[in-house]
Amino acid sequence: MSVILITGGSRGIGASTATLCAQRGMGVVLTYNNNPAAAQAVVEQIQASGGKAVALKLDVAEVASFGAFTERLQRDLQNVWGVSHLDGVVNNAGYGLFNPMATVSEAQFDGLFNVHLKGPFFLTQTLLPLLADGASIVNITSATTRVATAGVAPYAAFKGGLEVLTRYMAKEFGERRIRANAVSPGAIRTELGGGLNSEFEALLCGQTALGRIGEPEDVGLVVTTLLSAESAWINAQTIEVAGGYMV
Ligand SMILES: NC(=O)c1ccc[n+]([C@@H]2O[C@H](COP(=O)([O-])OP(=O)(O)OC[C@H]3O[C@@H](n4cnc5c(N)ncnc54)[C@H](OP(=O)(O)O)[C@@H]3O)[C@@H](O)[C@H]2O)c1
């Protein structure tokens, strides 16, 4: 059985991806930061449908914790699935912050950097020995890397860095047949950045060719596909999943 790790799997896009992966027969390790109850609810939903999932605490901004996290992960892989390797990693955990460049503080900048670029870099590095040859890495970026959106400059810049990093992962890990791709969502109905109000939603719908907001499943389906063998020849790509945002 394939087992994959999804960071930030307690809510939103990560939770949807976890559920869809389990429906496709993958084992799922999902991580949470502040919401253990939400993570447990995702695990129970997967188990109720006959799947296997585990939730682990992980703050992706805490690089110093990655070693202990990996040891715990190894134990769970062995105990729950009887395996010693991961078949995929989804660097999904993240948060939004609306603040114009003129007023962004150094602490806000560093916080976004740690979660959206430094964390995925060092978590992936730490997990490398645990990744099976032929595994799939999916990094969740953002359509704000293509379209400059008011108030999210550092967030978008670090997501852009993650897209570049994705190509380097593909290049450096290719000798082990490990693929790396980025999925770049447009506006998705989650609690990111406090969620959407009706006015903002109407604006975004008007800017989107398909005329609606994305749902977590719209993204989760693409991530799940990239984790699957049917995407074996897709590598080093960024796939925007945004319904035709600002085209
Ligand atoms: N929603 C959108 O419109 C949109 C658009 C483009 C890109 N994205 C990206 O998609 C990814 C998922 O976002 P979402 O919309 O699903 O957001 P969400 O519903 O707010 O969920 C965020 C998830 O990330 C986790 N998380 C946040 N900070 C963390 C940290 N420091 N360490 C570990 N986990 C952390 C949360 O865990 P806890 O709840 O347990 O704390 C939660 O599971 C993010 O990378 C986001 O930037 C979202």
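How many nonpolar, polar and charged residues does the shell around the ligand have? The shell has 12 nonpolar, 14 polar and four charged residues, where Ala, Val, Leu, Ile, Met, Phe, Trp, Tyr, Cys and Pro count as nonpolar, Asp, Glu, Lys and Arg as charged, and the others, Gly among them, as polar. This is a predicted model, in which local features need pLDDT of at least 70, side-chain atom pairs count only at pLDDT 80 or more, and totals for chains, interfaces and linings use all residues. Residues are numbered from 1 along each chain as its sequence is written, and side-chain values use heavy atoms, with hydrogens and water left out.

**Ligand shell**
- The ligand is surrounded by 30 residues (a heavy atom within 4 Å), and the closest are Ser 10, Asn 35, Asn 92, Tyr 155 and Thr 190.

**N and O atom pairs**
- An N or O atom in the side chain of Tyr 155 lies 2.6 Å from an oxygen atom of the ligand.
- For Asp 59, a side-chain N or O atom is 2.9 Å from a nitrogen atom of the ligand.
- A backbone N or O atom of Leu 58 is 3.5 Å from a nitrogen atom of the ligand.

**Pocket linings**
- The lining of the largest pocket divides into 21 nonpolar, 20 polar and four charged residues.
- For the second largest pocket, the lining comprises five nonpolar, four polar and five charged residues.
- Pockets are found on a 1 Å grid over the protein atoms alone, as open sets of points where a 1.4 Å probe fits, with protein on both sides within 12 Å along at least five of seven lines; lining residues have an atom within 4 Å of a point.

Definitions and conventions:
A polar contact is a pair of N or O atoms within 3.5 Å; within protein, one must be able to donate a hydrogen and the other to accept it, and residues adjacent in sequence count only if both atoms are side-chain atoms.
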